[in-house]
Amino acid sequence: MIKKIKTLFIKYPVLGEIFRFCVVGGIATVVDFFVMGVVLYFFEPSLYPNFFHVFIGGKAESSLTANMVGTGLGFLIGLLVNYVLSVWFVFICKGNSKTALGFLEFALLSAVGLGLHELGMYVLNSLCGMNEWIVKILMTAIVLVYNYVSRKLFIFKERKPIENKGESE
């Protein structure tokens, strides 16, 4: 089975890249969720009998402030994990990812993803009353697709060689 998967990834390298992207995204998501849980527990420990109840529900809904801070901090720490693993492990073509500009682009594109995530958390959790973890999972899936496409198009793309038309051969 593993041989078949390796063969498939060799034949279709972008498929392997998407698989690695999902693995790295999963790791970054676990970090993100854990940080959000720590923040929720830190902000409102009275809602949860113990830390693990943060993930299954407390006595009441957590505050907007706790949700927004948890989402933001989770994003930032997840961003760092995601950047390092994306450069090292995910993308075949490194593009300009290993430069300061590449990191800035990565962070800016990710900030747009954070904006989408925060907006979804606000609208669906605060205004519509959906459970914060259901909303977080939904928004994570939406932002995952956005992140892959935007990073592939703007950061991890093959650089075309610069041609010097004025030089003779």
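Is Ala100 buried or exposed? Ala100, placed in helix H4, counts as exposed at 68% relative accessibility. Here buried means under 20% relative accessible area, exposed means over 50%, and partly exposed lies in between, with a 1.4 Å probe and protein chains only. Helices (H or I, at least four residues) and strands (E, at least two) are DSSP runs numbered from the N terminus.

The structure is a predicted model, in which local features need pLDDT of at least 70, side-chain atom pairs count only at pLDDT 80 or more, and totals for chains, interfaces and linings use all residues. Residues are numbered from 1 along each chain as its sequence is written, and side-chain values use heavy atoms, with hydrogens and water left out.

## Helix packing

Axes are lines fitted to C-alpha atoms, for helices over the stretch in contact, and angles run from 0 to 180 degrees between N-to-C directions.

| Helix pair | Angle | Axis separation |
|---|---|---|
| H2 and H3 | about 150 degrees | 7 Å |
| H3 and H4 | about 150 degrees | 10 Å |
| H2 and H5 | about 140 degrees | 11 Å |

H3 and H4 (residues 100-127) pack at about 150 degrees with axes 10 Å apart. This angle makes H3 roughly antiparallel to H4. By the convention applied, angles under 35 degrees count as roughly parallel, over 145 as roughly antiparallel, 65 to 115 as roughly perpendicular, and the rest as oblique. H2 and H3 are likewise roughly antiparallel to each other. For H2 and H5, the angle is about 140 degrees, with the axes 11 Å apart. H2 is therefore oblique to H5.

The handedness of each crossing is also assigned. A crossing is left-handed if the near helix is turned anticlockwise from the far one by less than a right angle, and right-handed if clockwise. The crossing of H3 and H4 is right-handed. H2 passes H3 in a right-handed crossing, and H2 passes H5 in a right-handed crossing too.

## Salt bridges

Side chains of opposite charge can pair when their charged atoms come close. The structure holds two salt bridges, a salt bridge being a side-chain nitrogen of Lys or Arg within 4 Å of a carboxyl oxygen of Asp or Glu.

One of them joins the side chains of Glu17 and Lys152, at 2.6 Å from N to O. Glu17 lies in helix H2 and Lys152 in helix H5 (residues 132-154), so this pair ties together parts that are 135 residues apart in sequence. Glu17 is buried, with a relative accessible area of 1%, whereas Lys152 is partly exposed at 24%.

Another salt bridge is formed by Lys136 with Asp32, whose closest N and O atoms are 3.2 Å apart. Because Lys136 lies in helix H5 and Asp32 in helix H2, the pair ties together parts that are 104 residues apart in sequence. Lys136 counts as buried at 0% relative accessibility, and Asp32 counts as buried at 12%.

## The nonpolar patch

Phe42, Phe43, Val69, Leu73, Leu76 and Ile77 make a nonpolar surface patch of about 550 Å². Patches are made of residues with over 30% relative accessible area and no salt bridge; like charges are joined within 9 Å, and nonpolar side chains (Val, Leu, Ile, Met, Phe, Trp, Tyr) within 5 Å. Accessible areas come from the Shrake-Rupley method with a 1.4 Å probe, and for residues only the protein chains shown count as cover.

Helix H2 (13-43) and helix H3 (64-90) each supply at least two residues of the patch. The largest share, four residues, comes from H3. Leu76, one of the patch residues, lies in helix H3 and is partly exposed, with a relative accessible area of 45%.

## Further residues and separations

Tyr83 and Thr140 are 57 residues apart in sequence and 16 Å apart in space, C-alpha to C-alpha.

Gly72 also lies in helix H3 and is buried, with a relative accessible area of 16%. Between Gly72 and Gly26 there are 17 Å in space, C-alpha to C-alpha, and the two are 46 residues apart in sequence.

Ala100 and Gly25 are 75 residues apart in sequence, and their C-alpha atoms are 22 Å apart in space.
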